[in-house]
Amino acid sequence: MRNFLFLLCALYMIVLACSGSQGDSFLGLGTGARELTAGQRVSGTIGSQGDVDWYHYRAVEANNVLQVRCTSETLRSDVDLLVSIYQEDAYGDRVLVYADHAPEDSVAPADLTLNTYIDQPRDIYISVRDLMDDDSSDNPYYILVDFAGSPEGNENFAQATVLAADSDDCPVDRISFVGDIDCYTFTSTGGIYDVVVDFSPFPDTRVELSIDLYSSSGELIDSRRTSGDQACHLLHWLGSGEYYIQIDDYGRDHFDNASTYQVCVNSISGNEENENDS
């Protein structure tokens with residue numbers, strides 16, 4: 001009987017050793033993972049020491065970049081968030097592909113952005129935990145996944161989308177992938193024009209619009225950056241000819257399909273200009 005118990009304990013230790021070699025995937029923690037939908041933010045908490053929250057997303061868009069954002073609104077948080085991305089391989093194992101954590105003992109809220117390339121449809125698992133598994137908090141964190149878009153065909157002046165001045169049909173667009181550039185063109189008949197870009201940012205977005213106005217010869221006339229959800233105006237007297245507007249993310253290192261902007265061009269009469277100045 002004693003030999004039997006010894007063999008049983010030895011077998012148990014072997015199983016534990018094997019489980020340690022395969023990490024979190026062996027433990028099946030992803031099986032009860034919370035499902036994520038692209039573009040929809042969900043919240044969670046690290047409610048106890050050692051708590052690990054698991055999320056699952058079925059990535060069906062091949063040859064694209066999946067972005068995972070994890071943020072909080074807590075100053076001097078006890079929890080230093082650690083976010084890890086796993087891909088499930090052909091054998092059903094979850095392989096760690098990327099991880100990042102908030103700065104330790106930071107005063108500022110957590111703000112993590114992780115990008116991973118999806119070469120074929122895959123099951124993606126995401127874990128969120130405290131960096132050292134030794135702290136907890138009832139304050140929530142927020143997680144969001146989204147796919148980068150693909151070039152829309154207006155990424156340079158030669159392919160710029162044509163805008164009609166004083167039109168009621170102003171286009172709406174977004175920065176849909178890292179490095180996305182949107183170009184527009186309009187014709188001035190000579191006079192004062194107001195280029196208006198109205199940004200509608202999603203909460204906690206990392207995108208900050210950069211708006212540049214160019215002449216047909218490539219001369220930069222004006223350059224602005226958005227601030228929150230306020231409309232940005234580029235008001236200038238423009239001689240007759242073609243002009244170009246370039247809109248992108250400042251730094252070109254973020255995208256957000258949930259944050260949209262609208263761009264319009266309005267002609268301003270002399271009387272309107274005087275009224276605006278008064």
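Two strands count as paired here if DSSP finds at least two bridges between them. Strands (E, at least two residues) are DSSP runs, numbered from the N terminus. The model you have above is a predicted one, where local features need pLDDT of at least 70, side-chain atom pairs count only at pLDDT 80 or more, and totals for chains, interfaces and linings use all residues. Residues are numbered from 1 along each chain as its sequence is written, and side-chain values use heavy atoms, with hydrogens and water left out.

Another open sheet has four strands, ordered β2-β9-β4-β7, with antiparallel pairing.

| Sheet order | Edge strand | Edge strand |
|---|---|---|
| β2-β9-β4-β7 | β2 (42-44) | β7 (111-118) |

Asp212 has Ser223 in β15 as its bridge partner. In the four-stranded sheet, three bridges link β2 to the antiparallel strand β9 (residues 141-147), and Ser43 stands opposite Tyr142 in β9.

Now to the charges. A salt bridge is a side-chain nitrogen of Lys or Arg within 4 Å of a carboxyl oxygen of Asp or Glu, and ten are counted by this rule. One of them joins the side chains of Asp111 and Arg206, at 3.2 Å from N to O. Because Asp111 lies in strand β7 and Arg206 in the loop between β13 (191-200) and β14 (209-215), this pair ties together parts 95 residues apart in sequence.
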